[in-house]
Amino acid sequence: MKLQSNISHRILDSLTRDEIKNLTIETKETLAPGFLKERKRIFTAADLWNIQAKKKRAAYRRAYL
């Protein structure tokens with residue numbers, strides 16, 4: 001823990017008070033309206049195969065322990 005605090009002090013020593021203030025100012029940003037559209041996920045045969053394979057591996061691990 002002490003090592004981390006020493007490193008952070010050295011980093012902040014090279015910055016001026018104005019630079020630290022500029023780095024810590026909260027900015028108000030918005031995303032493009034179409035950016036957060038939910039995509040409909042298509043369930044494929046590969047997804048089903050992965051689910052079944054995970055079940056088999058989990059059952060094997062339980063039996064092995």
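Here are some friendly notes on this predicted model, as numbered points.

1. Ground rules. Residues are numbered from 1 along each chain as its sequence is written, and side-chain values use heavy atoms, with hydrogens and water left out. Because the model is predicted, local features need pLDDT of at least 70 and side-chain atom pairs count only at pLDDT 80 or more, while totals for chains, interfaces and linings use all residues.

2. Confidence. The mean pLDDT (the predictor's confidence in each residue, from 0 to 100) of the chain is 77, and 74% of the residues reach 70 or more. Helix H1 (residues 2-13) has the lowest confidence, with a mean of 60, whereas helix H3 (residues 45-64) has the highest, at 85. Where pLDDT is low, the predicted coordinates should not be read in detail.

3. Overall make-up. The chain has 3 helices and 0 strands, giving the pattern α-α-α along the sequence. Helices (H or I, at least four residues) and strands (E, at least two) are DSSP runs, numbered from the N terminus.

4. Surface. Of the 65 residues in the chain, 3% are buried; buried means under 20% relative accessible area, exposed over 50%, and partly exposed in between (1.4 Å probe, protein chains only). The accessible surface of the chain is about 7400 Å², with 59% belonging to carbon and sulfur atoms. These areas come from the Shrake-Rupley method with a 1.4 Å probe; for residues, only the protein chains shown count as cover.

5. Asp47, worth a look. Asp47 is found in helix H3 and counts as buried because its relative accessibility is 16%. A polar atom of the Asp47 side chain lies 3.1 Å from the backbone nitrogen of Thr44. Leaving aside residues up to four places away in sequence, Asp47 touches Arg41 and Ile42, where contact means heavy atoms within 4.5 Å.

6. The salt bridge. The count comes to 1 salt bridge, defined as a side-chain nitrogen of Lys or Arg within 4 Å of a carboxyl oxygen of Asp or Glu. Arg41 pairs with Asp47, the closest N and O atoms being 3.1 Å apart. Arg41 is exposed, at 70% relative accessible area, whereas Asp47 is buried. Side chains of opposite charge can pair when their charged atoms come close.

7. A nonpolar patch. Phe43, Leu48 and Ile51 make a nonpolar surface patch of about 300 Å². Patches are made of residues with over 30% relative accessible area and no salt bridge: like charges are joined within 9 Å, nonpolar side chains (Val, Leu, Ile, Met, Phe, Trp, Tyr) within 5 Å. Ile51 is found in helix H3 and is partly exposed, with a relative accessible area of 41%.

Technical notes: A polar contact is a pair of N or O atoms within 3.5 Å; within protein, one must be able to donate a hydrogen and the other to accept it, and residues adjacent in sequence count only if both atoms are side-chain atoms.
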